[in-house]
Amino acid sequence: MSGTQDFLFWRLAYFFIVEKKYRLIQISEDYREIWLEDTSNKNAQIIRMLRYDLDWGNWLKRDAEHTCIQAEKLRKHFMKRSLNVLNIYVSTYPPVDDYQSVLKSPLAINKGKTIVYNRLIESTDVENGIQQISNFVQQHISISLKDHYEEEDVQYLRDTVLTNAVSRTQEEQRLFDNGKPLFTYILLGIQIIVFLLLEITGGSSNIQNLIRFGAKYNPFIIEGQWWRFITPIFLHIGIIHLLMNSLALYYLGPTIERIYGRIRFLIIYLIAGFTGTLASFLFSSSVSAGASGAIFGCFGALLYLGAIYPKLFFRTMGTNVIVVIIINLVFGYSVSGIDNFGHIGGLVGGFLAAAIVHFPKKKRLTIQVGAFILTLAISIGGLFIGYHGGNYSPPDVVNSVAQKQINEGNYDAAYELLNEYVSKRKGNADTYFQLSYVEIQLKKYSEAKEHLIQTIKMEPNLPNAHFNLALVYLYEGNKSAAKKEAEKAVKLTDDKKYKDLLNRINQIP
């Protein structure tokens with residue numbers, strides 16, 4: 001009968017390791033005790049199996065208590081708030097004295113943070129023991145047994161189970177060894193060299209100098225300087241900014257290179273940098289620079305690892321990665337001057353880029369093609385909205401597009417763009433001023449007057465607005481109102497054309 005129980009022990013191990021993908025974390029030298037782990041299974045995050053012919057109930061109780069202590073150590077190792085452990089005994093016979101209390105009541109330690117549930121399968125009642133384990137793990141376990149098994153049968157099954165466990169462990173290890181870091185250090189070197197050049201030529205905190213070196217500046221992007229979607233990831237504003245991003249890249253970059261390989265890492269980094277800048281272009285009018293978007297792309301690549309290999313991800317780094325992402329996003333929203341749009345854009349871009357390149361020597365064509373199409377759609381859509389204005393474009397983007405249309409004499413197109421934008425209660429003083437200028441060109445004087453008044457409310461010290469409003473009042477024949485606006489313009493600047501207008505108004509009878 002012991003041969004049958006030995007076979008049953010390894011058949012249960014086969015169910016958990018091969019069929020349910022539990023990970024083997026510990027095995028005794030005599031192969032009679034194994035510990036398995038799947039922290040995603042809330043009912044039985046840890047399973048301990050022992051093949052031992054029980055004799056006394058007290059021994060069973062002491063062993064269960066020792067198992068509880070060992071399980072608490074595992075809980076701390078996996079950094080879990082709580083841990084449920086299924087402790088399975090496979091024995092030829094039950095203990096000769098009382099033992100039922102050990103099976104009925106689970107053992108708890110450290111205020112119930114670790115709970116051990118004990119179950120027994122013995123030869124006189126195998127089906128009931130298997131059914132109890134099935135109920136506990138909420139998985140149907142179907143095992144049919146013969147009356148006798150040879151040692152070779154047991155050994156073959158044991159070798160099958162252990163080979164599967166070892167090969168899966170080796171596969172996981174290979175996933176973290178797809179390339180030695182190279183581009184991480186090249187990128188670090190580039191951004192340090194560029195920072196030194198910035199400091200030498202005018203300072204890394206000088207906005208004009210940053211723009212000159214390729215920082216994200218929406219008006220210049222609108223004018224056709226498309227390279228500003230990439231160049232900002234190599235620029236940093238101040239030494240603290242450089243140090244923070246360099247440290248993040250130093251620790252994150254090698255991990256991504258080892259997981260995805262060198263070329264895939266570079267693709268992920270650059271795509272994430274682009275999508276981060278694109279998001280900033282769409283939702284922020286500020287001048288921006290920094291590798292933060294690309295670095296958040298590295299976090300996105302780790303999240304993709306979690307999406308494909310959730311058990312491995314959460315067992316190794318998952319919780320820490322998610323916590324760091326949340327902390328950084330909360331910090332970004334609570335502190336001024338941080339481009340959170342770039343961070344989120346980089347995070348999304350890094351995830352999608354990782355899905356496109358996938359893992360070395362592995363293919364998921366459906367996921368890869370889908371991610372490529374989605375990334376392309378987001379990029380084209382974002383660029384279209386950014387270059388042509390729209391509900392989500394910041395005012396300086398719309399203003400830049402409109403100014404380009406005005407310079408080309410395309411007043412109707414500029415009017416349509418600006419009027420639609422302000423109708424949604426969007427826009428700044430420049431938006432309203434441009435709209436009023438276009439309306440004057442189209443001889444829509446009453447509308448121009450309303451928008452000039454709105455411009456002045458938003459920016460009272462804009463001499464051109466007072467000057468143009470004075471002209472509109474003159475067209476309407478309202479000399480006194482025109483004179484007031486002209487006087488305001490003259491107070492704001494000593495430009496000759498403003499003084500000439502005021503003189504003309506004073507000469508009107």
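**Note on pockets, cavities and the sheet**

1. The second largest pocket has a volume of about 350 Å³. Of its 16 lining residues, Arg 168, Glu 172, Tyr 309, Lys 311 and Leu 312 are the closest to its centre. This is a predicted model: local features need pLDDT of at least 70, side-chain atom pairs count only at pLDDT 80 or more, and totals for chains, interfaces and linings use all residues. Residues are numbered from 1 along each chain as its sequence is written, and side-chain values use heavy atoms, with hydrogens and water left out.

2. Some terms for what follows. On a 1 Å grid over the protein atoms alone, a pocket is an open set of points with protein on both sides within 12 Å along at least five of seven lines; a cavity is a set where a 1.4 Å probe fits but cannot get out; lining residues have an atom within 4 Å of a point. Grid points are joined across faces, edges and corners, and a volume is the space filled by probe spheres set on the points.

3. Which elements supply at least two residues each to the lining of the second largest pocket? They are α5 and α12 (310-316). Helices (H or I, at least four residues) and strands (E, at least two) are DSSP runs, numbered from the N terminus. By class, this lining divides into 6 nonpolar, no polar and 10 charged residues. Here Ala, Val, Leu, Ile, Met, Phe, Trp, Tyr, Cys and Pro count as nonpolar, Asp, Glu, Lys and Arg as charged, and the others, Gly among them, as polar.

4. The largest pocket has a volume of about 820 Å³. It is lined by 40 residues, and the closest to its centre are His 241, Ser 292, Ile 338, Asp 339 and His 343. Two or more lining residues come from each of α9 (239-260), α10 (262-283), α11 (292-308), α13 (318-334) and α14 (340-357). α9 gives the largest share, 8 residues. The classes are 20 nonpolar, 18 polar and 2 charged.

5. Now the cavities. There are 2 cavities of 30 Å³ or more. Tyr 22, Arg 23, Leu 24, Ala 165, Arg 168, Thr 169 and Glu 172 line the largest cavity. The lining has 3 nonpolar, 1 polar and 3 charged residues.

6. What is the strand order of the open sheet? Its 6 strands run β1-β2-β3-β4-β6-β5, with mixed pairing. The edge strands, β1 and β5 (107-109), each pair on one side only. Strands pair if DSSP finds at least two bridges between them. The twist averages 20° from one strand to the next.

7. β1 pairs with β2 (residues 33-37) in the antiparallel sense over 4 bridges. The hairpin they form has 5 residues between the strands, and Tyr 31 takes a positive phi near 65° there. Trp 35 in β2 is the bridge partner of Gln 26. Trp 35 also stands opposite Arg 48 in β3. β2 and β3 (residues 46-51) pair in the antiparallel sense over 5 bridges.

8. Helix α2 (residues 57-77) packs on the sheet and touches β1, β2, β3, β4 (83-91), β5 and β6 (114-122); its direction makes about 145° with that of β4. Helix α4 (residues 126-137) packs on the sheet too, touching β4 and β6, and its direction makes about 155° with that of β6. Contact means heavy atoms within 4.5 Å. Axes are lines fitted to C-alpha atoms, for helices over the stretch in contact, and angles run from 0 to 180 degrees between N-to-C directions.

9. Is Arg 11 buried or exposed? Arg 11, in helix α1 (residues 2-19), is buried because its relative accessible area is 18%. Leaving aside neighbours within four places in sequence, Arg 11 is in contact with Glu 19, Ser 142, Ile 143 and Leu 157. Arg 62 lies in helix α2 and is exposed, with a relative accessible area of 51%. Buried means under 20% relative accessible area, exposed over 50%, and partly exposed in between (1.4 Å probe, protein chains only).
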